[in-house]
Amino acid sequence: MGEPGFDTPSEVIEAAINGLEQGNTKYTRGPGSMELCQAVSDYLAKHHSVEVGAEDVVITPGAKQALLYSFMITTMPGDEAILLAPSWASYEPMLELIGAVPVNVPVRKDNFHPDLDAIRAAVTERTRMILVNSPCNPTGAVFTPAELQEIVDIAVEHDLWIVSDEIYARLVWMDYPHVSPYTLTGGSERTLIVNGWSKSWAMTGMRLGFLTGPSDAMGAAKKSQANSASHVPTFLMHAAAVALDCDDSVEEFNREYLKRREIMMGGLSEIPGLRVVEPEGAFYVFVDVTGTGMTDIEFADGALEAGVQLIPTSLITGGEGFVRISYATDEEAIYEGLRRLRAWLVD
Ligand SMILES: Cc1ncc(COP(=O)(O)O)c(C=O)c1O
């Protein structure tokens, strides 16, 4: 599961409790309190060099809802949206829900980075949007700034939107940083940034995300939110702003994730038949299981019988032959999971 194996930072919990005790339980500003929207604007400038005004930030019930709004804003029924396959399992059904047509363009087989020629070839007159998710769930790929600039160039050439799902932006293990397409030449007028508190602050159950981008698109996002969710829980807004300053927790979690990544990769690479692709970001290992002679579904069923839960990615377009294993969980569980896999596949 993509569930961080950490407690939510205690400062955030305290702020949420204070919010309740102070009676912040009534309707409030739909896109989120100005304090929180300003905190997001400051956060993006500080960590990702993204310059957006607080009035162009919409706080949503999870990144998921921000994605849904961004799909509704950028596509009409029948329009095509390019996904880089394999991609996160919810994009396709979410696009289909609103009548848009997902067009899966496979990433490069060697490193799961975008195949730029294939993206170019997939653009038709119905294409309206390219979805970028870097660091990527499930592959762990972190696209380089040059690759992202080329994607922006394609979007500029064909006047397309980019929806950039940056929920793993703080989880990068490479010597080059996460770069938002918004900051690249031609990017700011066509990129909608989706992000949220679930992953880096271990706040999955608080359902807090945000969407930002060009003002006209954010006008549509505010209308979408006003007529559906209204807003996120009022008492959580200050807590979300507090989280954005919890750099010590984010950094501590990252040190732990790096350790867990090493343990997971080391353990898996000792098991014959598995080809482990080095994760460049996020907290998943993408493992080629074809060398075991099993399909990914057979492998996942066998693993479950051995007491290990993992995701067979043929459930996602373009993920055939691979499984996704999360190392977000605690070290002990990782060691135990590796022991069970070895007992099943080796001993
Ligand atoms: C790529 C990606 N985007 C979005 C989400 C949804 O995040 P949230 O919990 O903020 O809705 C997830 C959660 O697993 C994810 O992996």
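1. **Ground rules.** Residue numbers start at 1 in each chain, following the sequence as written, and side-chain values use heavy atoms, with hydrogens and water left out. Since this is a prediction, local features need pLDDT of at least 70 and side-chain atom pairs count only at pLDDT 80 or more, while totals for chains, interfaces and linings use all residues.

2. **Who surrounds the ligand?** There are 14 residues around the ligand, and Ala63, Asp165, Tyr168, Ser198 and Arg207 come nearest. Here a residue is near if one of its heavy atoms lies within 4 Å of the molecule. Sorted by type, the shell has 6 nonpolar, 4 polar and 4 charged residues. Ala, Val, Leu, Ile, Met, Phe, Trp, Tyr, Cys and Pro count as nonpolar, Asp, Glu, Lys and Arg as charged, and the others, Gly among them, as polar. Helix α3 (residues 62-74) gives the most to this shell, namely 4 residues; helices here are DSSP runs of H or I with at least four residues, strands are E runs with at least two, and both are numbered from the N terminus.

3. **Atoms facing the ligand's oxygens.** In the side chain of Arg207, an N or O atom is 2.7 Å from a ligand oxygen. For the side chain of Asn137, the corresponding distance is 2.8 Å. Lys64 takes part through its backbone instead, with an N or O atom 3.0 Å from an oxygen of the ligand. How much of the ligand does the protein bury? Taken alone, the ligand exposes 400 Å², and 92% of that is buried by the protein (areas by the Shrake-Rupley method with a 1.4 Å probe).

4. **A bridge across the chain.** The model has 16 salt bridges, each being a side-chain nitrogen of Lys or Arg within 4 Å of a carboxyl oxygen of Asp or Glu. One of them pairs Asp247 with Lys46, the closest N and O atoms being 3.1 Å apart. This pair links distant parts of the chain: Asp247 belongs to helix α9 (residues 247-269) and Lys46 to helix α2 (residues 34-48), 201 residues apart.

5. Ser134 is joined to Pro135 with omega about -5 degrees, and Asn137 to Pro138 with omega about 20 degrees. Elsewhere, Phe112 has a positive phi of about 65 degrees although it is not a glycine; look for Phe112 in the loop between β3 (101-106) and α5 (116-122).

Definitions and conventions:
Polar contact = N/O pair within 3.5 Å; in protein donor to acceptor, adjacent residues only side chain to side chain.
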